Amino acid sequence: MTAGDFIETIENPDKVRIVQQGDDVFVGFLGVLRLKTEVFDRIKGETVKKFRAIPEIRHRRWKELNLMRPLEPDETPDFSFNDLELKLYYTIHI
């Protein structure tokens with residue numbers, strides 16, 4: 001399956017993380033990836049080697065506590081708990 005084939009199975013508001021050779025190629029909403037035609041055109045023919053739905057759970061005061069930063073620190077969390085934030089990314093390794 002190619003990355004383009006897989007992308008056709010999910011929706012624009014879904015968050016994706018595209019990883020190629022250990023480096024992030026794109027992190028964000030699928031709809032934004034489709035608008036970034038130079039990135040999308042470059043990866044859509046690549047073979048999907050692995051796919052995982054990975055939740056990202058971070059302390060909401062990660063910066064003040066000097067903890068690991070989220071993938072997208074300026075993005076509003078999907079869910080907030082007392083001290084935690086949760087975001088779900090479809091991580092696609094190509």
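## The β1–β2 hairpin

Strands β1 and β2 form a hairpin with two residues between them. Helices and strands here are DSSP runs numbered from the N terminus, with helices being H or I of at least four residues and strands being E of at least two. Strand β1 covers residues 15-20 and strand β2 covers residues 23-29; the two run antiparallel and are joined by six bridges. Two strands pair if DSSP finds at least two bridges between them. The bridge partner of V16 in β2 is G28.

Q21 lies in the loop between β1 and β2 and has a positive phi of about 55° although it is not a glycine. Most residues other than glycine have a negative phi. Q21 counts as exposed because its relative accessibility is 75%; buried means under 20% relative accessible area, exposed means over 50%, and partly exposed is in between, with a 1.4 Å probe and protein chains only.

## Basis of the model

This is a predicted model, in which local features need pLDDT of at least 70 and side-chain atom pairs count only at pLDDT 80 or more, while totals for chains, interfaces and linings use all residues. Residues are numbered from 1 along each chain as its sequence is written, and side-chain values use heavy atoms, with hydrogens and water left out.

## K15 and the ring of F29

K15 is found in strand β1. With a relative accessible area of 4%, K15 is buried. The charged end of K15 sits over the ring of F29, 4.5 Å from its centre. A charge sits over a ring if NZ of Lys or CZ of Arg is within 6 Å of the ring centre and within 35 degrees of the ring normal.

Not counting residues up to four places away in sequence, K15 touches G28, F29, E72, E75, L88, Y89 and Y90. Contact means heavy atoms within 4.5 Å.

## Aromatic cluster

A search of the whole structure finds two aromatic pairs. In the pair of F6 and F51, which is tilted, the rings are 4.7 Å apart centre to centre, with 45° between the planes. Rings of Phe, Tyr and Trp (its six-membered ring) pair if their centres lie within 6.5 Å; planes under 30 degrees apart count as stacked, over 60 as edge-to-face and the rest as tilted. This pair links distant parts of the chain: F6 is in helix α1 (residues 3-7) and F51 is in strand β3 (residues 50-59), 45 residues apart. F6 counts as buried because its relative accessibility is 10%, and F51 counts as partly exposed at 36%.

F51 also forms an aromatic pair with Y90, again tilted, at 5.7 Å centre to centre and with 35° between the planes. Here too the pair links distant parts of the chain, with F51 in strand β3 and Y90 in strand β5 (residues 84-93), 39 residues apart. Y90 is partly exposed, with a relative accessible area of 24%. F6, F51 and Y90 form one aromatic cluster.

## Salt bridges

Side chains of opposite charge can pair when their charged atoms come close. A search of the whole structure finds three salt bridges, each defined by a side-chain nitrogen of Lys or Arg within 4 Å of a carboxyl oxygen of Asp or Glu. The side chains of E8 and R34 meet in one of them, at 3.9 Å from N to O. The pair links distant parts of the chain: E8 is in the loop between α1 and β1, and R34 is in helix α2 (residues 30-35), 26 residues apart. E8 is exposed at a relative accessible area of 58%, whereas R34 is partly exposed at 28%.

R17 and D24 meet in a salt bridge at 2.8 Å, N to O. R17 counts as partly exposed at 24% relative accessibility, and D24 counts as partly exposed at 37%. The salt bridge between the side chains of D41 and K44 has an N to O distance of 3.4 Å. D41 counts as partly exposed at 45% relative accessibility, and K44 is partly exposed with a relative accessible area of 38%.

## I54 in strand β3

I54 is placed in strand β3 and counts as partly exposed at 27% relative accessibility. Not counting residues up to four places away in sequence, I54 touches K87, L88, Y89 and T91. I54 and E64 are ten residues apart in sequence and 25 Å apart in space, C-alpha to C-alpha.
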